[in-house]
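This briefing is for a reader meeting the structure for the first time.

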Amino acid sequence: MEFDTVIHSGTIVTADGQFSGDIGISQGRIAAVAEKLSGGETRIDAGGRLVLPGGIEAHAHIAQESSAGVMTADDYLSGSISAAFGGNSSFIPFAAQQRGQSIDDVIATYDARGARSVLDYSYHLIVSDPTEEVLHDQLPRAFARGITSFKVFMTYDLMNLGDGGMLDILEVARHHGAITMVHAENNDMVKWMNRRLADKGLSAPKYHAISRPQLAEEEAINRAIQLAKLVDAPLFIVHVSTAGGAEIVRREKFNGAKLFAETCPQYLALTRDDLDRAGMEGAKYICSPPLRGADTQDALWKHVAMGTFESVSSDHAPYRADDTGKFLNGRDVAYPAIANGMPGIAARLPYLFSEGVVKGRITPEQFVALSSTNAAKTFGCSTKGRIAPGMDADIAIWNPQVTRTVVQADQHDNMDYTPFEGMELTGVPEVVMNRGATIVSHGTLMAQEGQGRFFARAAVDLRGKAGFTAPEFDPAQNFGTQLR
Ligand code: DUC
Ligand code: ZN
Ligand code: ZN
Ligand code: ZN
């Protein structure tokens, strides 16, 4: 067989094992994986390197207005470039519905934005206005187009759906094979804390962490899971930031919930003390849910290692520390008026590799699962996330020996800071490929604007998830009525 490219002599790592061998690529796909492959118009020597499925970034805000109307600093061009420098071959940002907007209009808007991407992309739909037309007409149409995940919020007045609205979405999503993602924080607990802090005149960035208690996340995670169990719907808890939340996820997986979850590097690497940096520096560390304590970092690392989370995602939410982003409402404002979120799409995998694999907290195989393979399964990316014949040639070649200090210029995004500045990280993605095309090679961008393609996704993979039947939905116990 003739190959366009052969990657040879590397250590190929998958989610289930590693072996030394060669990969033959033909027309953008992996055509062969074998101990030795000859030929190839291009031969890439991966000696001493790890050859992994390219990362799939499943949580990023790109060319997205927040509900308060602040536009992210990264669009699909800069966001995808930054993702590629960080070892990703594809990404799934959010396409957000504003209240009153049709889902068809949302998708058309993001299709125009996505056209600039250098990486393959899809979207998770954020649903803020689940009208009858949205539920029974527009969401099924989005699903048919391969958009198979819907995100909802339990917090923020402009986004929060209430429990009934969530049940409506969960049931429609389950019916069509889609997965519902949820931002779980109790809205009233946060608003009540905000009022209490405001009454005392406490407005500095550090109070952001106090205003969003760990209990608000734990309560909402638990409630979201019980809502999902009532209709036996798959549910994905995004950005888990508390030990208590992770414990609930673990327990409810055991109880049969069709449950998935992620945490993010910022909750492993940073603490609420970062919000207390001098001047308004702390504003750079405002994200929701907020940074917690060092004890939380230890607990979350244990959950990463023992498999509570399918993925570690960046939650890249790039708002510059200037009057286009964090300080759109002015510099001397109280914390609730400061844009919420931090960048990290380029730092996610180098951080996870260095602090996870190099420090011995997780295996290289777990790194592959957490960075790529599990996201592909959960979100129906059927041609991505694995190194096997027939799959897209989405590949990252890592040098596990090189140590670098994180600096803003190496993030290649459109930001003016990185919260990971100054960290020493070992392990660098030297070559990143998307469908066989080299996107990044040894620090140089090789891609053209717009060469990424939208990819349609399949239903969530629920194999191995027992499911849950609420007795009230069991025909044997409710007079033979089929309610669900
Ligand atoms: N939720 C996110 O997922 N990202 C940024 C801010 C937020 O509330
Ligand atoms: Zn329907
Ligand atoms: Zn969120
Ligand atoms: Zn997010």
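**Briefing**

UniProt lists residues 50–436 as "domain: Amidohydrolase-related", in an unreviewed entry; its positions are given in the numbering used here, feature names are shortened, and annotations may be inferred rather than shown by experiment. This is a predicted model, in which local features need pLDDT of at least 70, side-chain atom pairs count only at pLDDT 80 or more, and totals for chains, interfaces and linings use all residues. Residues are numbered from 1 along each chain as its sequence is written, while chains are lettered from A and ligands numbered from 1 in the order in which they are written.

**Confidence**

- The protein chain has an average pLDDT (the predictor's confidence in each residue, from 0 to 100) of 97, and 99% of the residues score at least 70.
- For the complex, the predictor gives an ipTM of 0.90 and a pTM of 0.97.

**Overall build**

- The protein chain contains 12 helices and 18 strands; helices (H or I, at least four residues) and strands (E, at least two) are DSSP runs, numbered from the N terminus.
- Its radius of gyration, taken over C-alpha atoms, is 22 Å, close to the 23 Å from the globule rule for 484 residues, so the chain is as compact as a globular protein of that length. The globule rule is 2.2 Å times the number of residues to the power 0.38.
- Of the 484 residues, 55% count as buried, a term that requires 20 or more other C-beta atoms within 10 Å of the residue's own, with C-beta atoms placed from the backbone.
- Residues 50–436 are 36% helix and 17% strand, and the end C-alpha atoms of this stretch are 17 Å apart.

**Lys151**

- UniProt places "modified residue: N6-carboxylysine" at Lys151, again from an unreviewed entry.
- Lys151 is part of strand β10 (residues 149–153).
- Lys151 counts as buried because it has 24 C-beta neighbours inside 10 Å.
- Leaving out residues up to four places away in sequence, Lys151 touches Phe94, His124, Leu125, Ile126 and Met181; contact here means C-beta atoms, placed from the backbone, within 7 Å.

**Helix α12**

- Helix α12 covers residues 364–378, and its end C-alpha atoms are 20 Å apart, in agreement with the 21 Å that its 15 residues should span. The expected span is 1.5 Å times one less than the number of residues.
- At Leu370, α12 bends by about 50°, the angle between axes fitted to the seven residues ending there and the seven starting there.
- In α12, 14 of the 15 residues are buried, so the helix is largely enclosed by the rest of the structure.

How values were computed. Buried ≥ 20, exposed ≤ 12 C-beta atoms within 10 Å, placed from the backbone. Contact = placed C-beta atoms within 7 Å.
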